[in-house]
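This report asks how a protein chain packs against itself and where space is left over. Please keep the sequence and the structure in view while reading.

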Amino acid sequence: MSTKIEIQLKFQKAFIIDAFGAMISSIMLIWVLPNFQNLIGLPISSLYFLGVWAILFVLFSGSGIFIKPKKPEIYLKIVAGMNSFYSLLSLAVVLYYFKQILFFGLLYFKIELLVLVLLISWEFRLAFAKNSL
């Protein structure tokens, strides 16, 4: 059985991993991929649009690190739900521009969505674990 501190640390780890991933996504979508738009195929405005959402998620997940919510399992469920929303939003953008998106654009979003599915699954498992606070 895990102690309260061990459980709290698991949630803190989840918030750190989530914020770091969202930071990588925002950097990729706002600064890196627009410079290679000719290889990605998506309009730069769409990359910026997704990048702004990623920045919002950096802030929200990052706040979980610093405010240490009293019910971190609820906070993590919200984070996982937001990641699910972002995944669907990214998928919608890819499908909308599917005819013009290029190989490297598809590759980027396939990898991002795969990572997100794994992250969301882990976050929900942790948030719904019986030994949560």
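A nonpolar core is a set of buried Ala, Val, Leu, Ile, Met, Phe, Trp, Tyr and Cys residues joined through side-chain atoms within 4.5 Å, where buried means under 20% relative accessible area, exposed over 50% and partly exposed in between, with a 1.4 Å probe and protein chains only. The model is predicted, with local features needing pLDDT of at least 70 and side-chain atom pairs counting only at pLDDT 80 or more, while totals for chains, interfaces and linings use all residues. Residues are numbered from 1 along each chain as its sequence is written, and side-chain values use heavy atoms, leaving out hydrogens and water.

The largest nonpolar core has 20 residues, and those with the most contacts inside it are Leu29, Leu33, Leu42, Leu47, Leu50, Tyr86 and Phe109.

With contact taken as heavy atoms within 4.5 Å, Leu50 is in contact with Leu29, Tyr86, Leu89, Ser90, Val93 and Phe109, leaving aside its neighbours within four places in sequence.

Among the buried residues of H5 are Tyr108, Phe109, Glu112 and Leu116, and what covers the buried residues of this helix includes H1, helix H2 (37-40), H3 and H4.

Gln12, which lies in helix H1, is buried, with a relative accessible area of 10%. Not counting residues up to four places away in sequence, Gln12 touches Gly64, Ile65 and Lys68. Lys68 itself is found in the loop between H3 and H4, and has a positive phi of about 45° although it is not a glycine.

A pocket is an open set of points, on a 1 Å grid over the protein atoms alone, where a 1.4 Å probe fits, with protein on both sides within 12 Å along at least five of seven lines, and its lining residues have an atom within 4 Å of a point. The largest pocket is lined by 17 residues, of which Gly21, Ala22, Ser25, Glu112 and Val115 lie nearest its centre. The largest share of this lining, 7 residues, comes from H1.

Methods
Helices (H or I, at least four residues) and strands (E, at least two) are DSSP runs, numbered from the N terminus.
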